[in-house]
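Open the model in your viewer and keep the selection tool ready. Each stop gives you something to select, then says what is there.

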Amino acid sequence: MALWARQGSRWCCLLQAARAAGFPRRPRSCSSPAQACRGFAPLALLPSRNDVLPWRLQAYRHVSVGSCAPPDSAKDGSFSSPESNLPSPVKQEQAKAETLPDLNAKILYEDWDDIPPSSALEEISEEEAIQIIAEPLLPLQSSTLRDYVDHSETLAKLVHLGVDLSQVEKRQKAGQLLLTLDFEKDIRKILLFLKDVGVEDNQLGPFLTKNPYILAEDLEALETRVAYLKSKKFGKAEIAQMVSRAPYLLLFSVERLDNRLGFFKNELGLSVKKTKDLVIRLPRLLTGKLEPVKENLQVCQIELGFQHNEIQQIVFKTPKILTTSKKRLRQTFDYLHNIMGIPHHMLTRFPQVFNSKLLRIKERHMFLTFLGRAQYDPAQPSYISLDQLVSLPDEVFCTEIAKASIQDFEKFLKTL
């Protein structure tokens, strides 16, 4: 017990010396040497530098070890701190030690301000992983423009305008073209030009869907082609109609447009005015291939037996006959002329019958024949014109032409 008491008294004195040296006090007071030993760690309060510790321990040895009572000088009312009992070299070294900065704390704060970046191999929680937003990668190669819309401002604005990219990418090299264009620099001026020509705002998207190549055309060349059409006495509304219905029209140079107009004028023997009316009603005659046109003209003259003036009337009234398939043209003429007995001059008078579906002509003619009303001669009573035969809706055709109900017509069709 005497050994434990001496050790407790020694630790108490060390505590007093440490507090006198400026170390913080514990909030709890020591009521006994044993409590002081249990609630205090002397090494935690002493400086960590190795050169200060030996001097402090040497200084503490001069303090009374037998008890924690103050020295004799305190009995007469004067009290001197433990540092006053230390030798002068110890005092100097202690003062020097007390003014040294806390290097460990300084390094710690510097580490807080300069935290190294986290490693790519560092594990993270599921919550942190969910919060990570990864930007989609731009595909190096794709078969659809849809993969580039989120990365291209030009494509996004074209889609907003109404351009169908799924149709554009089907056209040769059209997708690559759009990816190389800048909307503000390359496309905006073409859109303003088309609006000035007369293309409506709601038609700009469908127009560019059909003809995206116009975006790569030189603006001056486009203006020159419009100026040529105006010089041929085409009005502004007529030019707008032609450009809207034939989007490739402005891709043709002035020389090609002039050659096309000259071809139809000379080949059909039409006047300038009738030639203009022809291409206004079917402007794709100026942009399509000329070989099918030449072949259909030969079929009408050689195989079907129409005269030149009859061909003029047929083409002028129904320009589409120049672009229809030769097979369909032959089959329709054969049924009208050889089965129904329609003569050439009647076909010349109602050439729109060539634009009708052959099945519709057959069904209605057979129904009229079944009813005994198939009469196509204008000199005979109950005459039925070819226009009425093909143009009227089924209900009107049944009630006004066939003099029957629509149910009768449907029952008859089921018997075929």
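Select Asp 196, Asp 218, Glu 220 and Glu 223: together they form a negative surface patch. This is a predicted model. Asp 218 sits in the loop between helix H12 (201–210) and helix H13 (219–231). Its relative accessible area is 48%, so Asp 218 counts as partly exposed.

Next, follow H13 to the loop that links H13 with helix H14 (236–245), and select Lys 233 there. Check its backbone: phi is near 70°, a positive value in a residue other than glycine. Most residues other than glycine have a negative phi. Is Lys 233 buried or exposed? Lys 233 is exposed, at 64% relative accessibility.

Jump to Lys 403, in the loop between helix H23 (394–402) and helix H24 (406–415). Lys 403 is not a glycine either, yet its phi is positive, about 60°. With a relative accessible area of 54%, Lys 403 is exposed.

Select Arg 245, Arg 284, Lys 320, Arg 328, Lys 357 and Arg 360, which make up a positive surface patch. Zoom in on Arg 360, in helix H21. Arg 360 is partly exposed, with a relative accessible area of 33%.

Last stop: Ser 356, in the loop between helix H20 (344–349) and helix H21 (358–371). Its relative accessible area is 11%, under the 20% cut-off, so Ser 356 is buried. Which residues does Ser 356 touch, not counting those up to four places away in sequence? Show Arg 328, Ile 361 and Val 390. Arg 328 also belongs to the positive patch.

Conventions
Residues are numbered from 1 along each chain as its sequence is written. This is a predicted model: local features need pLDDT of at least 70, side-chain atom pairs count only at pLDDT 80 or more; totals for chains, interfaces and linings use all residues. Side-chain values use heavy atoms; hydrogens and water are left out. Helices (H or I, at least four residues) and strands (E, at least two) are DSSP runs, numbered from the N terminus. Buried means under 20% relative accessible area, exposed over 50%, partly exposed in between (1.4 Å probe, protein chains only). Contact means heavy atoms within 4.5 Å. Patches are made of residues with over 30% relative accessible area and no salt bridge: like charges are joined within 9 Å, nonpolar side chains (Val, Leu, Ile, Met, Phe, Trp, Tyr) within 5 Å. Accessible areas come from the Shrake-Rupley method with a 1.4 Å probe; for residues, only the protein chains shown count as cover. A salt bridge is a side-chain nitrogen of Lys or Arg within 4 Å of a carboxyl oxygen of Asp or Glu. Lys and Arg count as positive and Asp and Glu as negative; His and the chain ends are not counted. The place of a charge is taken as NZ of Lys, CZ of Arg, CG of Asp or CD of Glu.
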